[in-house]
Amino acid sequence: MVIALQKWSPTEQHSCTFLSPGEKDRFAQLRSSFARAEFVAARTALYHAGLALGCDASASDINYDKTSGKPYFDPFEGSFNFSIAHTLGLACCVASLEHQVGCDCERWDRSIYAEALAFFFKRRFATDREYLIEWTRLEAFLKLRGQRLIDRIDERGRLIPSASREVEEMHISQVTFNLNRKFVVSYCTDSSKAPY
């Protein structure tokens, strides 16, 4: 398993020479400099993660699961499993040849509403940083499972208890780290399941 990180800014020009024809078409449809920079940063992280695994993803188009939105490559291309996340200034990709993976990232300075998150998680955390860690861990887990957050919330807008229990009961390895004191990054892998 590898993780690749890519810094980005909406004011910088970004090269996309390594994109597949389908990904170049997607890029061409993006109008805002913000969306274009974010797109190229995520694809750059994916490209470098693939190279670290010995795979060249430049000829591969990304497909998306119709229900969850989980990205994947065509299984007939014999590629790798991956998850992409981005926040203002950073894109990350975690990838594996053998296992399903998930990742998420956030800025430490992101504005949060502690009361709403305490209600959502059904518990209070000591600091805003702890909320952000728990949020990125949850998002990484949901991406790993190919699930949508909306499907893991009850009618009152609270996280279904089984969601956090699943992480503990399954063979899920989760890692969270502080990147340059600017970002929190969480990723996970499920070593109990074979890839798609």
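This is a predicted model: local features need pLDDT of at least 70, side-chain atom pairs count only at pLDDT 80 or more; totals for chains, interfaces and linings use all residues.

Student: How many residues of strand 5 are buried in total?

Tutor: 7 of its 7 residues are buried.

Student: Why do those residues split into two sets?

Tutor: Side chains in a regular strand alternate between the two faces of the sheet.

Student: How many bridges join strand 1 to strand 5?

Tutor: There are 6 bridges between strand 1 and strand 5 (residues 90-96), and the two run antiparallel. Val-2 has Ala-95 in strand 5 as its bridge partner, and Lys-7 stands opposite Leu-90.

Student: Where else does a glycine have a positive phi?

Tutor: Gly-54 has one, near 85°, and follows helix 2.

Student: How long is helix 2?

Tutor: Helix 2 (residues 33-52) has 20 residues and spans 28 Å from its first C-alpha to its last. That is close to the 28 Å expected at 1.5 Å a residue.

Student: Changing topic. How many aromatic pairs are there in the whole structure?

Tutor: A search of the whole structure gives 12 aromatic pairs. In one of them, the ring centres of Phe-120 and Phe-121 are 5.0 Å apart and the planes are at 80°, so this pair is edge-to-face.

Student: Are those two phenylalanines buried or exposed, and at what relative accessibility?

Tutor: Phe-120 is buried, with a relative accessible area of 7%. Phe-121 also counts as buried, at 10%.

Student: What is the geometry between Phe-120 and Trp-135?

Tutor: Their ring centres are 5.7 Å apart with planes at 50°, so the pair is tilted. This pair links distant parts of the chain: Phe-120 is in helix 3 (residues 114-121) and Trp-135 is in helix 4, 15 residues apart. Both Phe-120 and Trp-135 are buried.

Student: Which residues do ring pairs link into a cluster?

Tutor: Phe-120, Phe-121, Phe-125, Tyr-131 and Trp-135.

Student: Which charged ends sit over rings?

Tutor: Two to look at are Arg-129 and Arg-158. The charged end of Arg-129 sits over the ring of Trp-108, 3.8 Å from its centre. For Arg-158, the ring is that of Phe-119, and the distance to its centre is 4.5 Å.

Student: Another arginine, then. Where is Arg-152?

Tutor: Arg-152 is in the loop between helix 4 (128-145) and helix 5 (161-169).

Student: Buried or exposed? I mean Arg-152.

Tutor: Arg-152 counts as buried because its relative accessibility is 9%, and the cut-off for buried is under 20%.

Student: What does its side chain make a polar contact with?

Tutor: The side chain of Arg-152 contacts the side chain of Gln-147, at 3.1 Å.

Student: Last stop is Tyr-187. Which strand is it in?

Tutor: Tyr-187 lies in strand 8 (residues 183-190) and counts as buried at 15% relative accessibility. Its C-alpha is 4.1 Å from that of Cys-103, a residue 84 residues apart from Tyr-187 along the chain.

Student: What pairs with strand 8?

Tutor: Strand 7 (residues 172-179) is joined to strand 8 by 8 bridges, and the two run antiparallel. Val-175 stands opposite Tyr-187. The hairpin of strand 7 and strand 8 has 3 residues between the strands, and Asn-180 there takes a positive phi near 55°.

Key
Residues are numbered from 1 along each chain as its sequence is written. Side-chain values use heavy atoms; hydrogens and water are left out. Helices (H or I, at least four residues) and strands (E, at least two) are DSSP runs, numbered from the N terminus. Buried means under 20% relative accessible area, exposed over 50%, partly exposed in between (1.4 Å probe, protein chains only). A polar contact is a pair of N or O atoms within 3.5 Å; within protein, one must be able to donate a hydrogen and the other to accept it, and residues adjacent in sequence count only if both atoms are side-chain atoms. Rings of Phe, Tyr and Trp (its six-membered ring) pair if their centres lie within 6.5 Å; planes under 30 degrees apart count as stacked, over 60 as edge-to-face and the rest as tilted. A charge sits over a ring if NZ of Lys or CZ of Arg is within 6 Å of the ring centre and within 35 degrees of the ring normal. The expected span of a helix is 1.5 Å times one less than its number of residues. Two strands pair if DSSP finds at least two bridges between them.
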